[in-house]
Amino acid sequence: MSPARPHVVITRRLPAPVEEQVAREFDARLNADDHPFAAAELQDALRGADALLCTVTDRLTAETLAVEPLRARILANFGVGFNHIDVAAAKTRGLVVTNTPDVLTDDTADDAVMLMLMVARRAGEGERHVRAGRWTGWRPTHLLGTRVSGKTLGLIGFGRIAKAVARRAHHGFGMRVMFHDPYPPPAAVARELGAEQQGSVEEVIREADFVSLHCPATPETRHLINAERLALMKPTAFLINTARGDVVDEAALVAALRAGTIAGAALDVYEREPQITPELLTMENVVLLPHLGSATRETRAAMGFRALENLKAFFSGQPPRDRVV
Ligand code: 8YV
């Protein structure tokens with residue numbers, strides 16, 4: 001008799017080929033109506049399943065993970081960022097945690113570049129203008145934006161996604177690229193990407209025409225971009241966030257935008273997703289996207305298959321490729 005297949009709860013709808021594979025290989029419980037799980041439903045899953053295939057909308061706090069009896073042994077996160085999981089609590093409970101790096105790097109870098117172009121060239125504003133029927137015709141002074149090519153891009157964090165942004169910006173747009181990362185890469189890696197290492201976040205922020213955030217959300221990076229650092233930015237500079245909302249003090253950002261301390265912001269992520277600080281919704285110099293960094297058919301499927309690869313390795317007694325805890 002073959003051993004029982006591990007019971008896996010998949011917390012959100014996933015691309016069809018991924019759901020088909022997970023149903024073939026595991027005793028899978030899918031989320032047919034795609035509702036976000038509340039704490040009680042997460043706890044039911046932790047009590048009843050061997051594994052959770054979870055996402056950024058699942059708040060796996062220490063309190064939630066304190067559930068008894070705990071049956072789950074692994075949290076296979078669909079996504080590279082895992083700040084929604086209390087990893088210290090997971091470790092204490094003996095839970096393995098995996099993520100899905102690499103497969104979303106290029107699409108997320110594209111998203112950051114798209115946001116940079118949108119906010120600089122006033123694309124959102126232009127779209128709203130046309131759709132509202134307000135466009136009266138071309139004129140030399142209409143909706144003038146800021147040139148991107150040749151400007152200075154400052155990257156906060158220099159991991160996989162930041163490097164992919166640097167490559168696009170330097171080799172594609174001829175930008176000067178600088179970065180700060182507490183764990184910088186070998187000099188040759190930065191050189192190949194045309195990126196200059198700076199000794200502090202402040203040095204990057206002072207010089208950059210575009211500041212793009214690429215650090216993980218940790219207790220150390222919470223509100224890294226606060227009122228003081230926003231005040232160091234050039235009044236002509238733009239802030240781009242495709243990392244995590246927690247890295248920016250959203251109230252301080254609103255104040256800086258209102259005061260003209262910076263020229264604009266382009267955001268894919270927010271402090272209290274899916275809530276947006278209402279004032280941001282009224283600002284024309286702000287681009288707001290609904291956490292779309294990895295949102296292509298290709299990447300979302302690849303993320304799902306990568307999470308399955310981690311689950312399969314774990315349940316066959318191999319070390320999962322993307323273990324973070
Ligand atoms: C995902 C992301 O859409 O991977 C990440 O960290 O932010 C996005 O790619 C999200 O996390 C899905 O769980």
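Domain 1 and domain 2 bury about 600 Å² between them, with 38% of it on carbon and sulfur atoms; buried area is the accessible area (1.4 Å probe) that two parts lose on being put together, summed over both. In domain 1, Asn 83, Asp 102 and Thr 299 lose the most area to domain 2, together 61% of what that side buries.

This is a predicted model, in which local features need pLDDT of at least 70 and side-chain atom pairs count only at pLDDT 80 or more, while totals for chains, interfaces and linings use all residues. Residues are numbered from 1 along each chain as its sequence is written, and side-chain values use heavy atoms, leaving out hydrogens and water.

Domain 1 comprises 7-103 + 297-315, and domain 2 comprises 105-288; these bounds come from an automatic or database domain assignment. The contact (heavy atoms within 4.5 Å) takes eight residues from domain 1 and six residues from domain 2. Between the centres of the two domains, taken over C-alpha atoms, lie 31 Å.

One salt bridge is counted between domain 1 and domain 2, the term standing for a side-chain nitrogen of Lys or Arg within 4 Å of a carboxyl oxygen of Asp or Glu. Asp 102 forms a salt bridge with Arg 160, and the closest N and O atoms are 3.9 Å apart.

Helix H1 spans residues 16-25; helices (H or I, at least four residues) and strands (E, at least two) are DSSP runs, numbered from the N terminus. Its buried residues (under 20% relative accessible area, 1.4 Å probe, protein chains only) are Val 18, Glu 19, Gln 21 and Val 22. Seen down the axis of H1, these fall within an arc of 165°, so they line one face of the helix; the arc is that of the directions from the helix axis to the C-beta atoms. Their cover includes strand S1 (7-10), strand S2 (27-29) and helix H13 (297-315).

Terms used:
Buried means under 20% relative accessible area, exposed over 50%, partly exposed in between (1.4 Å probe, protein chains only).
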